[in-house]
Amino acid sequence: MPLFPMRLVRVLSPLLRPLRVLVARGWLREAEVDVVLAWLHPAWRLNRVFAPVVGREWVSDDLLAVRLRCNGNARGWRAGQHVQLYLEMDGVRHGRSYSLTRVDAGGLIELGVRRQAGGRMSNHILDHLPVGALLELGQADGELYWPEQGAGVGLLAAGSGITALLGLLRAALVQGYAAPVTLLHYVREAGQCAYREELQQLMLRHPNLQVRWLLTGQEPEPGVLGGRFQAAHLLGMSGFELLACGPAGFIEAVRQSWGGGLQVEAFSPLQRLSEPGSAVRLDFARSRLQAAGDSSRSLLEQAEASGLRPAHGCRQGICASCTCLLLGGAVRDLRSGTTFAEPGQPIRLCVSAPLGDVQIDL
Ligand code: FES
């Protein structure tokens, strides 16, 4: 039972500044301060962001809006950025990045979480995370911003790319953006048209906003905008600044079709992966060791070559004794070629090769 209401946690948070200074100078340990704060209220910490879930709302068949009330440490966050959300499942801490679709005064934020085939964390949030659950979040990141220049703004979203762009759109309309805005949202089927009711309401209230949903899973009817992205969809946006968010292939297609101002955010990590045999950077976090490596050999071999002695048994991916958490980057399973890129994902070092720079909890 918390000794304070959540509101007081936020109000009192700035008063912790002297403690933050003492921690920064090494005179106090943050973990010990956090133990005392967490005893007063489970969401209270010196610097880390904790937030209870305060609302859940399905905004399409496969996308859930999750609302959270942050403690006082979510400073400077903007809608349209993304934030890492952490969750413990079966004793393993998982983390995944979600877009901030809303950031309000008073610490209220909203994230868009889409169902992913085989996505353990996203599916757990959608199916099992109750209102009242307390979550930890990382700090917000992301460079997309609302352009003030140009004749208007074109927003191109594929799938869950809508979440980052919706955050920016909501904030811009609230602030009175009056130039034309065209939003094209590409989804496979009609049930995936996320935030449809809200966007229709926004169109009624803001005549400068046009929203089109383009179904990619069926042939477009004659005269109706539809199907996968093509350059012709940009007609009427001359002089606009474009913002595009979606998988790497979608972003590349937009890039090739547009010569004007363009900001992009791709959520497929594979676009930055190395070819087999390329040089990569290995970061073994718990050992505080960084080393040069390559994307051909297993992480077990490369950790040993760097002087580490990871636990192992069979060296064939069978016994699981070499299992570690992937903290950042992506790896390839040398047996199946499957790629894993979810932070917090357990991997077997003996059969995993890095694809680009990686950070391992070893
Ligand atoms: S050593 Fe047995 S699974 Fe890696």
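View 1. (Ala, Val, Leu, Ile, Met, Phe, Trp, Tyr, Cys and Pro count as nonpolar, Asp, Glu, Lys and Arg as charged, and the others, Gly among them, as polar.) Nearest the centre you'll find Ala-158, Tyr-186, Thr-216, Arg-228 and Pro-247. A pocket here is an open set of points on a 1 Å grid over the protein atoms alone, with protein on both sides within 12 Å along at least five of seven lines, and lining residues have an atom within 4 Å of a point.

View 2. Among the lining residues are Ser-60, Arg-114 and His-185. On that grid, a cavity is a set of points where a 1.4 Å probe fits but cannot get out.

**View 3. The largest nonpolar core.** Of its 30 residues, Trp-146, Leu-155, Leu-169, Tyr-195 and Leu-199 touch the most other members. Domains 2 and 3 both give residues to this core, so it lies between them. (A nonpolar core is a set of buried Ala, Val, Leu, Ile, Met, Phe, Trp, Tyr and Cys residues joined through side-chain atoms within 4.5 Å; buried means under 20% relative accessible area, with a 1.4 Å probe and protein chains only.)

**About the model.** Residues are numbered from 1 along each chain as its sequence is written. In this predicted model, local features need pLDDT of at least 70, side-chain atom pairs count only at pLDDT 80 or more, totals for chains, interfaces and linings use all residues, and side-chain values use heavy atoms, leaving out hydrogens and water.

Note on methods:
Buried < 20%, exposed > 50% of the residue type's maximum accessible area, 1.4 Å probe, protein only. Domains from an automatic or database assignment.
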